[in-house]
Amino acid sequence: MQRAAAGLAAACADLIGRVYASRVVLLVGSGDNGGDALYAGARLARRGAAVAAVLLAPERAHAGGLAALLRAGGRVVEAGAAAGPAAAAGINPAEEAILRADLVVDGIVGIGGKGGLRPDAAQLTAAVAESGAAVVAVDLPSGVDADTGEVRGAAVRADLTVTFGTHKPGLLIDPAREYAGSVRLVDIGLGDVLPEEPELEALQHADVARLLPVPGAESDKYRRGVVGIAAGSARYPGAAVLAVSGALRGGAGAVRYVGPAGDAVVSRFPETLVSDQGPAKAGRVQAWVVGPGAGDDASTVAEVLEADVPVLIDADGLRLAERDAVRARSAPTLMTPHAGEAAALLGVAREEVEGARLASARELASRYGATVLLKGSTTLVADSAGGVVRVNATGTPWLATAGSGDVLSGLAGSLLASGLSALDAGSAAAYLHGLAGRFAADGAPAGAHDVAEAIPGAWRDVRD
């Protein structure tokens, strides 16, 4: 706890800049998070901060932490009835202190908290939001689910979360991630007691660099892999163009296109191998991408699913693919729905998927016997075996633009064709796609074609 408090106090000091004479309010629950907050508050008080602790359960507050705070000159503020001028305004002393604070430290609930905050804590949280004070959460924001990232009621919105020992899944998965702000990990010596197999992985540059294909001296375009793109329609020819644009930048040696948008594809990418004879007669491929802009072409989707190579299903393909046909496949299948498509496949409301992204990705993967890449503000990649789920947070809100998903599909399909597993191809593609989105946007709107053109830069950034 002293290690945690030291790291927490240092992070608080970094955030507010000047500790001396700053006004700090601690929101203290009955668990160890409250103890961490109290000990950190004592450290800040010894540096000259005016520290007040709001005890939500006074009889169960951490005794050692509270004693340390009082010895350092901190004080306790009642969370009960208002008195004097505050009473006329309907504000209790705790809320009054919060509204005047420079920094609020959230130590209400720890990793065992479920189902949102109780009414008394929620009332204080509303005051925090109104105050404009900087907010630091202890281990994770109170009111969010540490294991799933779900937020089922009122919760604290932090500017910074100081987490201990290891990242909690909820800090990496929306909607909880949005409540966490920036996340700072403090090592408190738990290395020997942490689980060997995590529930969640977040790849970094070095991890993705190890996955990306690199041609050797004996490579040719066929040895590097050929990816087939069955996409587009008379109504949506651009989907085919964008899927091909992602595929050409994904490491495969060649791209075959099958569909009604051949002229549009060749005019933009003359290196594409185009066929109008259907997937079965297009020539040999090592992986297929089917569905972007396909409209109601169920026969092409069914034909691709019969191929004995990895298949990525996106967009209209998700609607047209029969679940039994997907489950019957012996080769790997990667499905890439957004929340609305996942909701339709699961037979639930979109809000249910968005509120429980981890559970939704796992359930969809289990039902279809496939690897599922659930797109969104945080992208999750889950396989049907129920093992570790990978989360990607390299993206940017600027990626929420028409055609961006088509580029991702082509990129991931190309990585499948180069030999990566569905889990690795989906994870690496999501990482590169998100990074390319950041490079393309650079703080301004960007189109899907801009994202595709930024993929080589993202690839080099990862490899270098």
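Of the 464 residues of the chain, 54% count as buried, meaning that their relative accessible area is under 20% with a 1.4 Å probe and protein chains only. This is a predicted model, in which local features need pLDDT of at least 70 and side-chain atom pairs count only at pLDDT 80 or more, whereas totals for chains, interfaces and linings use all residues. Residues are numbered from 1 along each chain as its sequence is written, and side-chain values use heavy atoms, with hydrogens and water left out.

The C-alpha trace spans about 85 × 45 × 40 Å along its principal axes, and the chain has 19 helices and 17 strands, taken as DSSP runs (helices H or I, at least four residues; strands E, at least two) numbered from the N terminus. Among contacts with a separation of 6 or more, 65% join residues 24 or more positions apart, contact meaning heavy atoms within 4.5 Å.

Two packed helices are described by the angle between their axes and the distance between the axes. For helix H18 (residues 422-441) and helix H19 (residues 448-463), the axes come within 7 Å and cross at roughly 110 degrees, where axes are lines fitted to C-alpha atoms over the stretch in contact and angles run from 0 to 180 degrees between N-to-C directions. H18 and H19 are therefore roughly perpendicular to each other, a term that covers 65 to 115 degrees. Residues making this contact include Tyr 431, Leu 435 and Phe 439 of H18 and Val 451, Ile 455 and Trp 459 of H19.

Methods. Parallel < 35°, antiparallel > 145°, perpendicular 65-115°, else oblique. Buried < 20%, exposed > 50% of the residue type's maximum accessible area, 1.4 Å probe, protein only.
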